[in-house]
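This report goes through one protein model, from its overall layout to single residues. The sequence and the coordinates come first.

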Amino acid sequence: MVVHMANGVHSRQSKLSQEQLAELQKSTHFDKKELQQWYKGFLKDCPSGMLTKEEFQKIYRQFFPFGDPSSFADYVFNVFDSDKSGSIDFKEFICALSVTSRGKMEDKLDWAFQLYDIDGDGKISYDEMLKIVEAIYKMVWNEMIWCRSANHHANIKLLKVGSMVKLPEDEDTRRSASGRSSA
Ligand SMILES: [Ca+2]
């Protein structure tokens, strides 16, 4: 049971240690109980403790069974994999989740910017924008057709695409937006 905290959580331990919890609590918006729950879920889907690109695509395919989410999943994977090691460990996973679900508006925008800035040069080119839009289109198009014919929920499905797919519901945006508008 080896734990490499310097580079994140790499072990197969069934629970996070107090030390790991304290570190993750500092770098995320989750409390200890939530962190343990997410860790348990992460290990269930990913017993090795390291999520590969293929596994990540598989998760997306569960949510978009009628489309082809592989390209979009790859782009999202690259943002999650912040140390560019080719796999996502629990720390990378939970940090990305924290930003996209509970982060400040600025942090969410930074995160989204990284998604579009595929080559990481600090700018979003026309080609990069096109690649992401194409990837989203490939992922949802059949899904939309299916939804429209099945239950007229196409618009709802479309709205969900913007929220990075099945991450937990955005908890903070509405609050911060209303705070801002009243200022
Ligand atoms: Ca990594």
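**Overall layout**

The model is a predicted one. Its protein chain holds nine helices and two strands. Read from the N terminus, the elements follow the order α-α-β-α-α-β-α-α-α-α-α. The chain has 183 residues, of which 24% count as buried. Among contacts between residues at least 6 apart in sequence, 53% join residues at least 24 apart.

**The nonpolar core**

The largest nonpolar core is made of 28 residues, and Leu35, Phe80, Phe93, Ile94 and Ala96 are those with the most contacts inside it. The elements giving two or more residues to this core are helix H2 (32-45), helix H3 (53-63), helix H4 (70-80), helix H5 (90-102) and helix H7 (126-151). H5 supplies the largest share, seven residues.

Which residues does phenylalanine 93 touch, leaving aside its neighbours within four places in sequence? Phenylalanine 93 is then in contact with Phe42, Leu51, Phe80 and Ile88.

**Two helix pairs around H4**

Two packed helices are described by the angle between their axes and the distance between the axes. H4 takes part in a pair with H3 and in a pair with H6.

H3 and H4 pack at an angle of about 125°, and their axes are 9 Å apart. An angle of 65 to 115 degrees would count as roughly perpendicular and one over 145 as roughly antiparallel, so H3 and H4 are oblique to each other. The crossing of H3 past H4 is right-handed. On the H3 side the contact is made by Lys53, Phe56, Gln57 and Tyr60, and on the H4 side by Ser70, Phe72, Ala73, Asp74 and Phe77. Sorted by class, this contact has five nonpolar, two polar and two charged residues.

For H4 and H6, the packing angle is about 125° and the axes are 9 Å apart. H4 and H6 are therefore oblique to each other. Their crossing is right-handed. Tyr75, Val76 and Val79 of H4 make the contact with Trp111, Gln114 and Leu115 of H6. By class, the contact of H4 with H6 has five nonpolar residues, one polar residue and no charged residues.

Valine 76, found in helix H4, has 23 C-beta neighbours inside 10 Å and therefore counts as buried. Valine 76 and leucine 115 lie 39 residues apart in sequence, with 6.3 Å between their C-alpha atoms.

Isoleucine 118 sits in the loop between helix H6 (105-116) and H7. Is isoleucine 118 buried, partly exposed or exposed? Isoleucine 118 counts as partly exposed, because it has 18 C-beta neighbours inside 10 Å and 20 or more would be needed for a buried residue. Leaving aside neighbours within four places in sequence, isoleucine 118 is in contact with Tyr75, Glu128 and Lys131. Tyr75 is also one of the H4 residues in the contact with H6.

Lysine 84 lies in the loop between H4 and strand E2 (87-89). Lysine 84 has 7 C-beta neighbours inside 10 Å and so counts as exposed. Most residues other than glycine have a negative phi.

Serine 27 belongs to helix H1 (residues 18-27). Serine 27 counts as exposed because 11 C-beta neighbours lie inside 10 Å. The separation between serine 27 and lysine 91 is 9.1 Å from C-alpha to C-alpha, although they are 64 residues apart along the chain.

| Pair | Apart in sequence | C-alpha to C-alpha |
|---|---|---|
| Valine 76 and leucine 115 | 39 residues | 6.3 Å |
| Isoleucine 118 and methionine 129 | 11 residues | 9.0 Å |
| Serine 27 and lysine 91 | 64 residues | 9.1 Å |

Technical notes
Residues are numbered from 1 along each chain as its sequence is written. This is a predicted model: local features need pLDDT of at least 70, side-chain atom pairs count only at pLDDT 80 or more; totals for chains, interfaces and linings use all residues. A nonpolar core is a set of buried Ala, Val, Leu, Ile, Met, Phe, Trp, Tyr and Cys residues joined through C-beta atoms within 7 Å. A residue is buried if 20 or more other C-beta atoms lie within 10 Å of its own, exposed if 12 or fewer, and partly exposed in between; C-beta atoms are placed from the backbone. Helices (H or I, at least four residues) and strands (E, at least two) are DSSP runs, numbered from the N terminus. Two residues are in contact if their C-beta atoms, placed from the backbone, lie within 7 Å. Axes are lines fitted to C-alpha atoms, for helices over the stretch in contact, and angles run from 0 to 180 degrees between N-to-C directions. Angles under 35 degrees count as roughly parallel, over 145 as roughly antiparallel, 65 to 115 as roughly perpendicular and the rest as oblique. A crossing is left-handed if the near helix is turned anticlockwise from the far one by less than a right angle, and right-handed if clockwise. Ala, Val, Leu, Ile, Met, Phe, Trp, Tyr, Cys and Pro count as nonpolar, Asp, Glu, Lys and Arg as charged, and the others, Gly among them, as polar.
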